[in-house]
Amino acid sequence: MTALLNAARTGFAEIWAHKTRSALSFLAIAVGSVVFIDSFSAIVHTYSLLEKQKQVSGMARMRISQNNSQRFASPDDVGPPPVFTYEDVTALKARLPGMYMISPEGRDWMNVFEYGEHRVMTGIHGVTPDWAKRDFVYTLKGRFLDWHDVENKLRVCVLVRKAPPPPSNAYNKTMMKKYNYSGGYDTLVAHNDLLGKKVTIDGYTFTVIGVLEELPYSKRPANITGYQQDYKILAPVTTLIHYNFIGSYQSLDVNIDTGSEETFAEVERKVANFLKIQFGDAELFLIENQLEAIRERIATSFKSALVTISLGMLAFLAGGIGIMNVTLATVFARTKEIGIRRAIGASRSDIMLQFIVEAVMLGLLGGVLGSALGYLWGVPVKVMLGMGGSPIEPWMPLVAVLIAAFTAFAFAIYPAWVAAGLKPADALRAE
Amino acid sequence: MSIACEDLTKVYEGGKAGWPALRGLTFSIAPGEFAAVTGPSGCGKSTLLNIIGLLDEPSGGRYALHGRDVTTMSDLERSTVRRDAIGFVFQSFHLLNRMSALENVCLPMLYAGADRPAARERAAALLKKVGLHGKEKKTPLELSGGERQRVAIARALSNSPKLILADEPTGNLDSVSSREIMDSLFALNAEGITVVMVTHDKELAARAGRNIRMRDGRIEP
């Protein structure tokens with residue numbers, strides 16, 4: 001312990017005596033720390049985002065939709081294909097008890113929405129209360145649709161208030177303008193409190209029972225299933241069928257969350273059976289296996305995380321080689337000192353300890369400096385540069401400092417061994 | 001501390017057969033003796049001193065320090081003997097310039113595992129003994145040659161050695177400082193410490209109780 005303390009004192013004196021050289025070598029390690037912290041925070045960020053996405057979207061997801069290729073494959077078959085009706089949904093539910101979510105969805109386009117003097121274009125989605133179980137990236141004012149609304153085909157609706165779009169380039173803005181036929185509706189909902197009000201959609205009066213406010217883009221996990229819909233108005237699917245918003249020729253899509261990845265394959269088989277029984281062997285409906293896509297997406301993001309972390313490690317390696325270089329140079333510059341110390345009784349291990357402690361101190365200094373710079377880089381600088389800040393957990397700098405110290409230690413072993421191996425008489429003769 | 005060498009040889013590497021620095025020395029030095037080793041440059045004096053001080057290893061022959069065969073010692077044992085039993089005084093002082101005089105004197109004690117306050121206390125006492133009271137905090141570069149050599153003597157004494165090896169201790173000093181340093185060495189010898197000193201100076205050698213004259217790696221009869 002005393003030896004370690006003495007070595008640390010000497011080490012500090014040496015580092016101080018060679019400020020420039022020391023600064024250069026610990027800068028190398030510091031850069032390593034910065035890259036490491038940056039890459040680690042990026043990984044943690046990705047991971048936490050994925051976790052959030054998993055929570056919001058669920059993993060064991062599948063979706064039943066019409067098979068368009070079957071519908072139009074043969075000229076003789078062109079005609080109204082069979083549709084997935086609400087009755088089919090009910091039958092499916094009966095066949096698959098215990099599912100976390102079975103959410104049918106049908107839509108209508110180009111609806112006329114009237115409120116007071118306002119008359120705007122919009123679209124409307126027919127859903128059930130299950131819709132809110134997944135990908136719910138909203139805050140709700142009022143209430144959401146319930147089973148009472150669905151069973152009684154009530155004319156109630158929930159309006160979606162859009163979040164301001166993320167910063168985007170002029171082209172994207174133009175395109176958004178070009179296709180946003182319901183921009184007037186978005187503005188109307190954004191600037192008026194319609195909760196509890198009566199509105200008219202295609203001539204039918206609906207009561208607004210709730211308003212869903214989209215979370216701002218910065219706080220919203222991306223949709224993990226990759227399935228995006230531009231929801232404007234939600235109403236009971238039964239109501240929309242009853243009032244012919246969703247025509248008898250229109251098929252419902254069904255989003256399913258089995259609730260567990262283990263039962264996923266079994267549920268998928270059961271759904272396939274159900275489709276065969278209900279619609280025959282023609283494969284008129286498809287089951288989109290979203291679980292696999294989600295898994296692939298997660299694997300990809302972890303792969304890129306590994307690439308990032310290996311960059312961080314490479315940076316440390318470069319820093320370590322810098323430390324080795326400096327330590328070796330120090331050994332040669334201080335050969336005479338080594339001789340003197342050996343002459344007055346320092347053992348080989350004393351000499352080794354001295355150089356290793358010195359290098360580890362450089363590593364620690366570099367790690368601390370790098371952590372500070374890493375924090376600056378990760379939060380304010382990246383934000384200022386518009387790269388999006390990466391969250392830095394308290395343990396990241398700690399780990400970075402430890403790795404920096406360990407790298408310095410590992411790379412100082414060889415120079416220290418060289419120093420310890422010098423013969424005292426030879427070392428004393430050095431100039 | 002007794003020194004006994006028998007047919008001691010040292011060959012430096014280089015060339016085909018190497019370069020022989022010592023060609024078979026046989027001599028002994030009794031405990032408490034003051035031995036001067038003299039001879040022209042390149043005759044092997046310093047090599048001999050390095051071997052006696054365990055800084056170098058002989059190529060052949062036998063060397064027993066205080067009755068113990070040195071050639072069988074491990075590096076750690078040799079370091080320990082250097083630290084605890086031998087004090088070195090070099091011509092060019094060999095002090096660590098970045099440290100104060102006090103820290104230089106402390107160093108061997110710290111290697112011996114002494115705790116810092118005790119080491120500093122003893123170092124201050126030793127510096128006082130060699131007449132450097134008040135200059136403890138000065139670095140070697142702020143001291144005169146004579147003062148530096150006195151720091152070196154204080155350092156050599158720090159672990160109470162039984163043998164002091166001095167390699168031309170006055171070689172870089174003026175006559176006044178030389179005399180002071182020699183007086184110190186004789187005083188230490190009077191306390192019972194064996195002193196082996198390499199010197200060019202015949203007058204100094206004459207003051208020593210024993211004179212080992214060397215020429216071409218051999219002892220002159």
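Me: What is the bridge partner of Ala35(B) in strand 8 of chain B?
Reply: The partner is Val196(B). The model is predicted: local features need pLDDT of at least 70, side-chain atom pairs count only at pLDDT 80 or more, and totals for chains, interfaces and linings use all residues. Residues are numbered from 1 along each chain as its sequence is written, while chains are lettered from A and ligands numbered from 1 in the order in which they are written.

Me: How do you know that strand 3 and strand 8 of chain B pair?
Reply: Two strands pair if DSSP finds at least two bridges between them. Strand 3 (residues 34-38) and strand 8 (residues 194-198) of chain B are joined by four bridges in the parallel sense, and therefore they meet the condition of at least two. The word "strand" here means a DSSP run of E with at least two residues, and "helix" a run of H or I with at least four, both numbered from the N terminus.

Me: What makes strand 2 and strand 5 of chain B edge strands?
Reply: They belong to an open sheet of four strands in the order 2-1-4-5, with antiparallel pairing. Strand 2 (19-29) and strand 5 (68-69) of chain B each have a single partner strand, so one side of each is left without a neighbour in the sheet. Strand 1 (residues 3-12) of chain B pairs with strand 2 in the antiparallel sense over eight bridges, and Val11(B) is opposite Pro20(B).

Me: Why does His66(B) count as partly exposed?
Reply: A residue is buried if 20 or more other C-beta atoms, placed from the backbone, lie within 10 Å of its own, exposed if 12 or fewer, and partly exposed in between. His66(B) has 15 C-beta neighbours inside 10 Å, so it counts as partly exposed. His66(B) lies in the loop between strand 4 (60-65) and strand 5 of chain B, and its phi is near 55°, a positive value in a residue other than glycine.

Me: Why is Ser160(B) called exposed?
Reply: Ser160(B) has 11 other C-beta atoms within 10 Å and is therefore exposed. Ser160(B) sits in the loop between helix 5 and strand 7 (163-167) of chain B. Although Ser160(B) is not a glycine, it has a positive phi of about 50°.

Me: How do you know that the length of helix 4 of chain B is close to the expected one?
Reply: The expected span of a helix is 1.5 Å times one less than its number of residues. Helix 4 (residues 116-129) of chain B has 14 residues and reaches 20 Å from its first C-alpha to its last, close to the 20 Å expected.

Me: What are the buried residues of helix 4 of chain B, and what puts them on the same side?
Reply: The buried residues are Ala119(B), Ala123(B), Leu126(B) and Leu127(B). They cover an arc of only 100° around the axis, which puts them on the same side of helix 4 of chain B; the arc is that of the directions from the helix axis to the C-beta atoms. The face turned away from the buried side carries the exposed Pro117(B) and Ala118(B). Just after helix 4 of chain B, Gly131(B) takes a positive phi of about 85°.

Me: How many residues of chain A are in contact with chain B?
Reply: Two residues are in contact if their C-beta atoms, placed from the backbone, lie within 7 Å. There are 17 residues of chain A in contact with 20 residues of chain B. Helix 1 (2-17) of chain A is one of the elements giving two or more residues to the side of chain A that touches chain B, and helix 1 gives the most, with four residues.

Me: How many strands of chain A are named here as partners of strand 7 of chain A, and in which sense does strand 5 of chain A pair with it?
Reply: Strand 4 (residues 138-142) of chain A pairs with strand 7 (residues 204-214) in the antiparallel sense over five bridges. Strand 5 (residues 156-161) of chain A pairs with strand 7 in the parallel sense over six bridges, and strand 6 (residues 198-201) of chain A is joined to strand 7 by four bridges, running antiparallel.
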